[in-house]
Amino acid sequence: THHFDTKTYKNNVTLRTGLFIGGDWVDPVDGGGLIDVVDPATGQTITSIAGGGPKDVDSAVKAARKAYKTSWGLKVPGAQRGRILSKFADLLEKHNDELAALESLNVGKPFLASKMFEVSNTVNIVRYFAGWADKIHGKTIETNDKKMAYTRHEPWGVVGAIVPWNFPLSMAICKLAPALAAGNTVILKPSEFTPLTALFVADLLNEAGVPPGVVNVVNGYGYSVGSAMSSHPNIDKISFTGSTLTGRRILKAAADSNLKAVTLELGGKSPTIVFDDADVEQAVKWAAQGIFFNSGQVCIAGSRIFVQEGIYEKFLEGFTAYADQLAKATGHPFEETTHHGPLVSKTQYERVLGYIDSGKSEGAKIHTGGEWVGGDGYFVKPTVFVDVKPDMKIMREEIFGPVCCLVKFKTEEEVTEWANDTTYGLAANVLTENSSRAIRMANALEAGSIYVNCALDGGINVPFGGYKQSGIGREMGEAALDTYTQVKAVHINT
Ligand code: NAD
């Protein structure tokens, strides 16, 4: 373990750096070497964690399988799993400050945002699924006058959870909580960039009474630990959140190994559509939050903003003012005045700057923003492109940064076609005061979540997932329980 102290955050927090397997902290046997964990606001190394490899995945699978058979799964009544999960939620709540501090330090997001949107949300997710643990049941179906069948919703067994770096804590928990509630055991692989909160959480699971082996945390790189998990013959299901490219690889590895079940939550290029009849002030607020929240590192970020011609100039003025104001609130995540933090890593920073260059070289115009000047962190200003054409890279590819394209449109038909002209289908935001139009648009848009006169606001009890190449399956809400169980039909002849 290792201690850190930030200038503004006084408490020291113990940082775990090993692997958590079978209820113990262990060193990798198949080491991928040390992985530096970096503070993106300063570029400084916070600590180094031990990266595991395929043999460590194998030990974790053995521990998880044993726990599934002996101390979780069908051995433990749902009510008891629910009680343990509730205790876990209480512990997350108790350690709210430390978790938020770790998340801000590691991801660069403003401390208050970490507290409110990351940790509180996470506590609510665990409580929600804790409540489900004893309410998972099947149906009785009469097949004829002599025969009937009943269904059981049984856990898969061992679930592999592979998560990204943009919301490290809540992404991990929105897999862990329903998987555990349904009776599965889990191997969690955090992103190599942002492992700190997942490692912290392992101790809390222990303290909550989650039996050893029920949750295992294996750090490491995607090509090593992640790929060993996807192709492991004894993992029954993979739940993945990350890029579409990686999702495709995982699906292939699953197909070529044991045909394990796979749930994928992938990328997006979501449209925000602002009609002439929208409340401009509200539209500006939602459109701006929709792309700039978490520095644009949000899978449902509204990165293509279509504005109807009658409102375009007024919207552009308000939106630019919002972006410029946010740029002024750029800073270190622990400063109270900060509302806009850095990108998560140097890699991501360079990727986003690459897209800004590509936009410029393809002929789009930067209306405001661009590169950040000054400071060592990976900051990019809220950036707005205009004069954009549909085939430009910045209109087609996921940038995953605070960068958006503004496009003027004339008709509802036209914008529907443009909005759907993408391989992705995660979300869409519609701003209009006309309720018939809102419903028409909600029906016509090809996306898993439609936000009318709002953005980003996914309730934990609402199913979430992608159309097209944005994913397979749903998380959150009751739908999540379906993805963490398989149905057995028992036929009885009386
Ligand atoms: P990524 O795909 O590079 O990595 C995600 C995770 O997969 C990491 O833990 C990584 O180590 C692992 N990984 C990498 N290669 C792997 C392989 N070959 N096999 C198995 N695992 C592997 O994505 P990222 O850069 O961490 O995250 C950004 C992406 O995540 C964006 O595309 C974003 O849209 C997406 N995302 C989607 C959602 C959603 O719910 N749909 C939510 C958040 C982020």
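Predicted model: local features only at pLDDT ≥ 70, side-chain atom pairs only at ≥ 80, totals over all residues.
Colleague: Which residue of β13 stands opposite Ile 238?
Modeller: Strand β13 covers residues 261–265, and β12 pairs with β13 in the parallel sense over five bridges. β12 is also joined to β9, by four bridges, and these two strands run parallel as well. On the β13 side, the residue opposite Ile 238 is Val 262.

Colleague: Against which elements do the buried residues of α7 pack?
Modeller: The buried residues of α7 are Ser 224, Val 225, Gly 226, Ala 228, Met 229 and Ser 230. Counting both helices and strands, the elements that these buried residues pack against are α1 (54–70), α8, β9 (158–162), β10 (185–189) and β12 (237–241).

Colleague: Which element gives the largest share of the shell around the ligand?
Modeller: Two helices that each supply at least two residues of this shell are α7, residues 222–230, and α8, residues 244–256. There are 30 residues around the ligand, and those that come nearest are Gly 222, Gly 226, Gly 242, Thr 246 and Cys 299. With five residues, the largest share of the shell comes from α7.

Colleague: How many residues of the shell around the ligand are polar?
Modeller: Sorting the shell by residue class gives 11 nonpolar and five charged residues. Gly counts as polar here, which matters for reading the remaining class. The number of polar residues in the shell is 14.

Colleague: Are helices α4 and α5 roughly parallel or roughly antiparallel to each other?
Modeller: Helix α4 spans residues 111–132 and helix α5 spans residues 168–181, and they pack at an angle of about 10° with their axes 9 Å apart. Angles under 35 degrees count as roughly parallel. The two helices α4 and α5 are therefore roughly parallel.

Colleague: How many nonpolar residues does the contact of α4 with α5 have?
Modeller: On the α4 side the contact includes Val 119, Ile 125, Val 126 and Phe 129, and on the α5 side it includes Leu 169, Ile 173, Ala 177 and Pro 178. By class, three residues of the contact are polar and one is charged, while the number of nonpolar residues is 12.

Colleague: Which strands stand at the edges of the open sheet of seven strands?
Modeller: The seven strands of this sheet follow the order β16-β17-β18-β15-β14-β19-β20, with mixed pairing. A strand at the edge has a single partner strand, so one side of it is left without a neighbour in the sheet. Neighbouring strands are turned by 20° against each other on average, direction ignored. The strands at the edges are β16 (365–371) and β20 (449–452).

Colleague: Which helix packs on this sheet, touching β16, β17 and β18?
Modeller: Two of the touched strands, β17 (residues 380–386) and β18 (residues 403–409), run parallel and are joined by three bridges. One of the bridge partners is Cys 405 in β18, which goes with Phe 385. The helix that touches these strands covers residues 346–361, its direction makes about 25° with that of β17, and its name is α11.

Colleague: Which residue of β15 is the bridge partner of Thr 272?
Modeller: Strand β14, residues 270–274, is mostly covered, with five of its five residues buried. Thr 272 lies on one side together with Ser 270 and Val 274, while Pro 271 and Ile 273 lie on the other. β14 pairs with β15 (residues 302–308) in the parallel sense over five bridges, and the bridge partner of Thr 272 in β15 is Ile 305.

Colleague: Is Lys 468 buried or partly exposed?
Modeller: Lys 468 is found in the loop between β20 and β21, and its phi is positive, about 45°, although it is not a glycine. A residue is buried if 20 or more other C-beta atoms lie within 10 Å of its own. Lys 468 has 17 other C-beta atoms within 10 Å and is therefore partly exposed.

Terms used:
Residues numbered from 1 in each chain as written. Near = placed C-beta within 6 Å. Buried ≥ 20, exposed ≤ 12 C-beta atoms within 10 Å, placed from the backbone. Contact = placed C-beta atoms within 7 Å. Axes fitted to C-alpha atoms, helices over the stretch in contact; angles between N-to-C directions. Parallel < 35°, antiparallel > 145°, perpendicular 65-115°, else oblique. Pairing = 2+ DSSP bridges.
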